[in-house]
Amino acid sequence: MVKNQHHNVSFKIGDILVDNINNEIGVLVRTYTLFDVLIVWDVHWTKTNFVFNDDKIHHYTEEGLQILIYEGTLILHPSS
């Protein structure tokens, strides 16, 4: 099995994510655990691209966010 190289990225509430592809900025607003093993983060996006009936908060697994950062899709700006 291939070792995941992206696991060295950690998150905190208040961290900023920049999505240069969609020209949006997100803030990590909440974290919780599902099924005692899956860490989930709620991200509040600026949503400059208006989408009708979108509440602007999207849910990501921690590993999914780590992969998106590792692949360069998102840029993480840690809060202080």
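Helices (H or I, at least four residues) and strands (E, at least two) are DSSP runs, numbered from the N terminus. By that rule the protein has 1 helix and 5 strands. This is a predicted model, in which local features need pLDDT of at least 70, side-chain atom pairs count only at pLDDT 80 or more, and totals for chains, interfaces and linings use all residues. Residues are numbered from 1 along each chain as its sequence is written, and side-chain values use heavy atoms, with hydrogens and water left out.

**Overall layout**

- From the N terminus on, the order of elements is β-β-β-β-α-β.
- Of the 80 residues, 28% count as buried (under 20% relative accessible area; exposed is over 50%, partly exposed in between; 1.4 Å probe, protein chains only).
- The protein exposes about 5700 Å², an area computed by the Shrake-Rupley method with a 1.4 Å probe. Carbon and sulfur atoms supply 58% of it.
- Contact means heavy atoms within 4.5 Å. Among contacts with a separation of 6 or more, 42% come from residues 24 or more positions apart.

- The 5 strands form an open sheet in the order 4-3-2-1-5, with antiparallel pairing. Two strands pair if DSSP finds at least two bridges between them.
- Strand 4 and strand 5 (75-77) stand at the edges. Each has a single partner strand, so one side of each is left without a neighbour in the sheet.
- From one strand to the next, the twist averages 35°. Axes are lines fitted to C-alpha atoms, for helices over the stretch in contact, and angles run from 0 to 180 degrees between N-to-C directions.
- Helix 1 packs on the sheet and touches strand 1, strand 2, strand 3, strand 4 and strand 5. Its direction makes about 90° with that of strand 4.

**Two hairpins**

- Strand 1 (residues 16-19) pairs with strand 2 (residues 24-34) in the antiparallel sense over 4 bridges. Asp 19 has Glu 24 as its bridge partner in strand 2.
- This hairpin has 4 residues between its strands. In the turn, Asn 23 has a positive phi of about 55°.
- Strand 2 and strand 3 pair in the antiparallel sense over 8 bridges. Leu 28 has Val 43 as its bridge partner in strand 3, and Leu 34 stands opposite Leu 38.
- The hairpin of strand 2 and strand 3 has 3 residues between the strands. Phe 35 takes a positive phi near 55° there.

**The nonpolar core**

- A nonpolar core is a set of buried Ala, Val, Leu, Ile, Met, Phe, Trp, Tyr and Cys residues joined through side-chain atoms within 4.5 Å.
- The largest one has 11 residues, including Phe 11, Leu 28, Trp 41, Val 43, Trp 45 and Ile 69.
- Strand 3 and helix 1 (62-70) are the elements that give two or more residues to this core. Strand 3 gives the most, with 3 residues.
- Trp 45 touches Leu 17 and Leu 74, among others.

**The loop between strand 3 and strand 4**

- Lys 47 lies in the loop between strand 3 (38-45) and strand 4 (57-61). Lys 47 counts as buried because its relative accessibility is 17%.
- Lys 47 and Ile 25 are 22 residues apart in sequence, and 7.8 Å apart in space, C-alpha to C-alpha.
- Asp 55 lies in the loop between strand 3 and strand 4. Asp 55 is exposed, with a relative accessible area of 56%.
- Asp 55 and Trp 45 are 10 residues apart along the chain, and their C-alpha atoms are separated by 9.1 Å.

Key:
Lists of a residue's contacts leave out its neighbours within four places in sequence.
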